[in-house]
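Hello,

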Amino acid sequence: ESMPLIYREEGKNFKKQFLDWISSLGNFAVDDKKDASLLRQSLIQAGFRHPKGTAIYFGLRFLLALLLPVLYLLANVMNGVMNRGNLLVCFLLAISGFYVVPLLLRFATSRRQDRIDKALPDVLDLIIVCMEAGLSLQATINRVSDEVKSISTDLYRELQLTNAELRTGITRELALRNLGERTGVQNVKALVGLMIQSDRMGASIVQALRTHAAFLRVQRSQKAEEKAAKLPVKILFPLLLFIFPAIFVVVMGPAVIQMTKSSFF
């Protein structure tokens, strides 16, 4: 049993050393504090909370911009194929490697926000049940954060962080606003604003949450209907490019063969 633990420790050490090395490459690019804070927020919304996240981000961009052309040149040298066109390909590979990291970050952020958006109505139901049982908002967040792990790992981590902030003495309003900023999901921000406003006005938070949960479910069904309505348009291009040519060959092939045979005889 000790051998897997040793391998696990070695893997953690290697990962830490690799991230430190990557961050050292990107440290020179982290100059503007405003841009760094915006990038840090984008990384958090994508689920990356490493302390050196901005430096690792720029380090990966620099590494890929350098590594892809070098690998391409090495492959050409080993195959003995070198010409002027290789320089153009290297330039394109360097640009692609430099800009692929922001694209991957946007993709990861979008996927995470979609997962949070889909799981939010179910999490709201748990919050409503806990608050109807007589728990306070802070106790509800503490309870729900332990229950939502099977529903959404992303919301589980966010609620755990919110619960930790509340324990450290941060005001409830600020902790809830931080939750909305960390996720970047518009429905979460609307929910946070609704909870803060209800708390300020002394209104029933449970009734407001119930109304918001019903609205989220209607919104989710409308998005599904919208995707279903766009499906015929999206499937048109694969039909034209892949299915119709095959059908055309099957239908017109025998006629073309007969016409060629009759023309020869």
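In this predicted model, helix α4 touches helix α8 through Ile 116, Asp 117, Leu 120 and Leu 124, which meet Asn 187, Val 188 and Leu 191 of α8. Sorted by class, the residues in this contact are 5 nonpolar, 1 polar and 1 charged.

Two packed helices are described by the angle between their axes and the distance between the axes. For α4 (residues 85-132) and α8 (residues 186-201), the angle is about 35 degrees and the axes lie 9 Å apart.

Helix α4 also packs against helix α6, which spans residues 153-167. Here the angle is about 80 degrees, with 8 Å between the axes. Angles from 65 to 115 degrees count as roughly perpendicular, so α4 and α6 are roughly perpendicular to each other.

The class count for α4 with α6 is 6 nonpolar, no polar and 4 charged residues.

Last, the cysteines. With a disulfide taken as a pair of cysteine sulfur atoms within 2.5 Å, the count is 0 disulfides. Are Cys 90 and Cys 130 buried or exposed? Buried means under 20% relative accessible area. Cys 90 has 9% and is therefore buried; Cys 130, at 13%, is buried as well.

Regards

Note on methods. Residues are numbered from 1 along each chain as its sequence is written. This is a predicted model: local features need pLDDT of at least 70, side-chain atom pairs count only at pLDDT 80 or more; totals for chains, interfaces and linings use all residues. Side-chain values use heavy atoms; hydrogens and water are left out. Axes are lines fitted to C-alpha atoms, for helices over the stretch in contact, and angles run from 0 to 180 degrees between N-to-C directions. Helices (H or I, at least four residues) and strands (E, at least two) are DSSP runs, numbered from the N terminus. Contact means heavy atoms within 4.5 Å. Ala, Val, Leu, Ile, Met, Phe, Trp, Tyr, Cys and Pro count as nonpolar, Asp, Glu, Lys and Arg as charged, and the others, Gly among them, as polar. Angles under 35 degrees count as roughly parallel, over 145 as roughly antiparallel, 65 to 115 as roughly perpendicular and the rest as oblique. Buried means under 20% relative accessible area, exposed over 50%, partly exposed in between (1.4 Å probe, protein chains only).
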